[in-house]
Amino acid sequence: MLNLKLISKILGSLLWIEGVLLLCCLFVSIWYQGDDILPFVWSILITVGSGFIFRILGRNADNLLGRRDAYFVVTISWILFTLYGTLPSMISGYIPSFTDAFFEAMSGFTTTGATILDFPEKLPKGLLFWRSLTQWIGGLGIVFFTIAILPSLVGGSVKVFAAEATGPIKSKLHPRISTSAKWLWIVYLVLTTACILSYKVCGMGWFDAFNYSMTSTATGGFATESGSIMTFHSPAEEYVCALFCFLSGVNFTLLYASVIGMDIKKLFKNSEFRLYTIMVLSFAIFITFELVWRNHYDIEHAFRSAIFQVVSFITTTGLFSDDAGKWPHVTWVVLAACMFFGGCSGSTSGGLKSIRGVMLLKVVRNEFRQILHPNAVLPMKIDGVNISQSKRVTLLGFVGLYLILTLFCAFTMIALGIDNTNAITITLSSLGNVGPTLGMEIGPTMSWAQLPDLAKWICSFLMLVGRLELFTVLVLFTPAFWKKN
């Protein structure tokens, strides 16, 4: 069965890492002399102490992690990180409800960006920084971060990578997963640093620049103000935000190979990147036309609002520069499509992923050809790589499960008294780790505070399932997972 000693050892180390992250936020609290200093001290003590207990339980563990262990440890790690991530908010009293605190922490780590806070600016600086940091760490993955800094910790790191990485096709930069993880984190760090400096040049203060860069490059969406990026009334900052969100929605392995190899053509030769770019541009042009025609925006304002919201929704960031709830309802359909498709695999964005869109289009094309040539053997290639029949079956299983979960949870939301549009878009937003929703009761600029507690727990579950790409979590609920053989 499960290698519980090794799992305990890994969980203990992960909690120590979370303790270090909390310590960073404690320094921010001390710097700004906030009233959250003591809550962070207690949070660190509880988290590190629990880490010691887990490490003691895992002493003398071997370093052999099986496939079953990998799926279990990834899922439990995210839940455990979220549980301990609620401590600063609850101990400080700023989010006293455990349901709300868990929802907020899960939304942070999964980079969903949905919040129950109507006025985040009322939080002390340390807690605001903690919210942004949860998204930044969750962007590439909690366990993936651990593999990068503690490669010797996990013997079955390849299996962990398979359980936590996004997309149906896993690409590596190096035969060693730990080396690949380091290079991807370097790309992430470079993007984040460039984003911080760009925001600063555009007029943001250092604190806001750090927070917004972490949520932009993580495609998370938590903001330090209730008005999001719109608070600053700066077109330059909106364009900077849209650019870095767009880049963070690109496959990081592809981004690394294109930039380091000085071969930008490699980007445009990639079929997933082409589909992603075509969707962003076509959706933005359509919404620009609608805003000019129906809402009487001037062309630049319309394009800026359109490109920002399309990028924000398709990369599942959730920051806003305009109130899309006041836009023509046909634009809601476009933004809902953005929610569904998402960015590229191997990026920090959520959703179905553009690579699956490419695969579905090729499956449909092959089916038309098969009708005309019943005996033909039609291979399916993406960028010169043959996609096996097993991956095609997995694709259909993934899309089918995605739709079933959406329908079932949307039905449950409607049964809880939430209006139809909100129910569907809340489900899509949670499962795709998007953040904003579309509807009359809860608009794209509003918090989710008014949702019933049961709906918040459903959303928290969907955020976790969506971030770990459905099967990693749901396989734990199958009888076969718990059988000895």
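Q: What does "buried" mean here?
A: Buried is a relative accessible area under 20%, exposed is over 50%, and partly exposed lies in between, with a 1.4 Å probe and protein chains only. The model is predicted: local features need pLDDT of at least 70 and side-chain atom pairs pLDDT 80 or more, while totals for chains, interfaces and linings use all residues. Residues are numbered from 1 along each chain as its sequence is written, and side-chain values use heavy atoms, leaving out hydrogens and water.

Q: OK, E272. Buried or exposed?
A: E272 is buried, because its relative accessible area is 4%.

Q: Which helix is E272 in?
A: E272 belongs to α14, residues 271–294. Helices are DSSP runs of H or I with at least four residues, strands are E runs of at least two, and both are numbered from the N terminus.

Q: What does E272 touch?
A: Leaving aside residues up to four places away in sequence, E272 touches N251, G343, C344, S345, S354, I355 and V358. A contact is heavy atoms within 4.5 Å.

Q: What does its side chain reach at 3.0 Å?
A: The E272 side chain reaches the backbone nitrogen of I355. A polar contact is an N or O pair within 3.5 Å; within protein, one atom must be able to donate a hydrogen and the other to accept it, and residues adjacent in sequence count only if both atoms are side-chain atoms.

Q: And N251, where is that?
A: N251 sits in the loop between α11 and α12 (252–260). N251 counts as buried, at 10% relative accessibility. A polar atom of its side chain lies 2.8 Å from the backbone nitrogen of T253.

Q: Switching topic: at what angle do α11 and α15 pack?
A: α11 (residues 235–248) and α15 pack at about 35°, axes 9 Å apart. Axes are lines fitted to C-alpha atoms, for helices over the stretch in contact, and angles run from 0 to 180 degrees between N-to-C directions.

Q: Which residues meet there?
A: On α11, P235, E238, Y239, C241, A242, C245 and F246; on α15, E300, F303, R304, F308 and V311.

Q: Is C245 buried or exposed?
A: C245 is buried, at 2% relative accessibility.
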